[in-house]
Structure formats: structure tokens, C-alpha cells
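Thanks for passing this one along. Here are some notes to read with the model open beside you.

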Amino acid sequence: MNCLILILYALRYLSLSWKRCFKKVSGQPKFKKKGKDDSFTLDGSITVGFNQIKLPRIGWVKTYEILPDNITPKSVTISRKADRWFISFNSREKETQITEKSVDVVGVDLGIKSLATLSTGEVFEGAKSKRRLEAKLSRLQYLNRHKTKFSNNWKKAQLKIARLHTKVADIRKDTLLEEGDRRQLYWRQETGGKLHGDSLPQVMREHPR
């Protein structure tokens, strides 16, 4: 693997983090810990197949899901969550056809009891994934309290806890993305694409419950 590419992308992300910090958008960047949010970015000659992708310096890698056809990504990001590896890249899709608007403005109220409420009266319920899995998560953490740190049994228990945390986060993220994309399409159809809240789905993704 070309270490120079990894270093260049790391410096690029560090530069973006400091720019966001200077603009008072976020805090100071922190060093990444090994085993937490592990990820790296590659670019170069990338080929996408049916259920495999060819990465520079690594070669062909099989994927669990079927990949889209006729795309050539410039870069890919590989990340790890619990004991699973994920690969992501950008691709352009056909733009949706905008219909004539029926209302001028559609307002949205992000709440606690419900995910969001539109000014039209439509209510979107949240996933509440943590509440559903909270008992199981508490039990796993309770059973792990007396295990010797860094022992094999402790590592197995930590992996189960990490998998459950990942499941909770994935359910929440999936709900936010689905509802955000559906609402964005709905808003654009209702307002003819001229809506100040076009970025609201992104706001909702950045403020999960």
C-alpha cells in the first residue's frame, strides 16, 4: 500500500478540520485512537465490478452487496466498525424531475418525542433504536464487569458490545437518511425546488437522537 497517499489524505483532512475550527464550526481536531473510527482513503486506478472492487496496491476485494455499474470512482474510503469492514465512494445519479410547486414554504420542527413534524401536519416517528436494545446492551456490559482486561473473554465481550453499538447507530442513521431523502424529494416537488430548507435533511443527519 502506498503510504504517501494515506499521509496526503490525512494531512488534507487535518487541514479541513483546522479550517472548521478557525471558523468556529467545530472544536480542535483530536488524534485518532487505534481501534476507534479506523479508516483510510485510497485513490488511483479503481475498478468496480458486480460484487467486487479492485483497489490500488490491494487488488480485487469481494463485497457483500452488489455494486452499481458503469462508474469509475476517483477515490474510496475504507472504514471498520466493530469487526466489519466497509468501503464507500461517491457516484452521480440522475436528477429527479421537479414538478410544479403547490405550496410556497414547508416548515419542519425537529422534536424529542417524534423525529420531525411538518407544517402540513405530517409527523415522522423516530427509530428509537437505543431504547429497544438498551436492556440487551446493559446486560452485556453487566456480564463484562468482572472479566480480566485484555483477556480473550474480555475481548469477545467487548466485540459483542461494539457490534450492538454499531447496530443501534446503523438503525438510527438508516432512519435519518431514508426520511431525510424522502422529505427532500417531497419538499422539492411541493415547492418547485426553491426551498430554504433544502439542507434540512443534512441538518437532521448531523443531529441524531
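**Notes on the predicted model**

1. Let's begin with Ala162, which counts as partly exposed at 26% relative accessibility (buried means under 20% relative accessible area, exposed over 50%, and partly exposed in between, with a 1.4 Å probe and protein chains only). Ala162 has its place in helix H3. From Ala162 to Asp83 the separation is 79 residues in sequence, but 8.4 Å in space, C-alpha to C-alpha.

2. A word on the ground rules. This is a predicted model, in which local features need pLDDT of at least 70 and side-chain atom pairs count only at pLDDT 80 or more, while totals for chains, interfaces and linings use all residues. Residues are numbered from 1 along each chain as its sequence is written, and side-chain values use heavy atoms, with hydrogens and water left out.

3. How confident is the predictor? The protein chain has a mean pLDDT of 77, and 77% of its residues reach 70 or more; pLDDT is the predictor's confidence in each residue, from 0 to 100. Strand E4 (residues 59-62) has the highest confidence, at 90, and helix H4 (residues 200-206) the lowest, at a mean of 44. Helices (H or I, at least four residues) and strands (E, at least two) are DSSP runs, numbered from the N terminus.

4. Please take care with residues 191-209, where pLDDT stays under 50. The model has 40 contacts beyond four places in sequence for this stretch, a contact being heavy atoms within 4.5 Å. Where pLDDT is low, the predicted coordinates should not be read in detail.

5. Back in helix H3 (residues 152-191) you will find Thr166. Thr166 is buried, because its relative accessible area is 17%. Leaving aside residues up to four places away in sequence, Thr166 touches Lys81 and Ala82.

6. Three strands form an open sheet in the order E1-E5-E6, with antiparallel pairing. Strand E1 (39-43) and strand E6 (84-88) are the edges, each pairing on one side only. E1 and strand E5 (residues 75-81) are joined by five bridges; strands pair if DSSP finds at least two bridges between them. Ser39 stands opposite Ser79 in E5.
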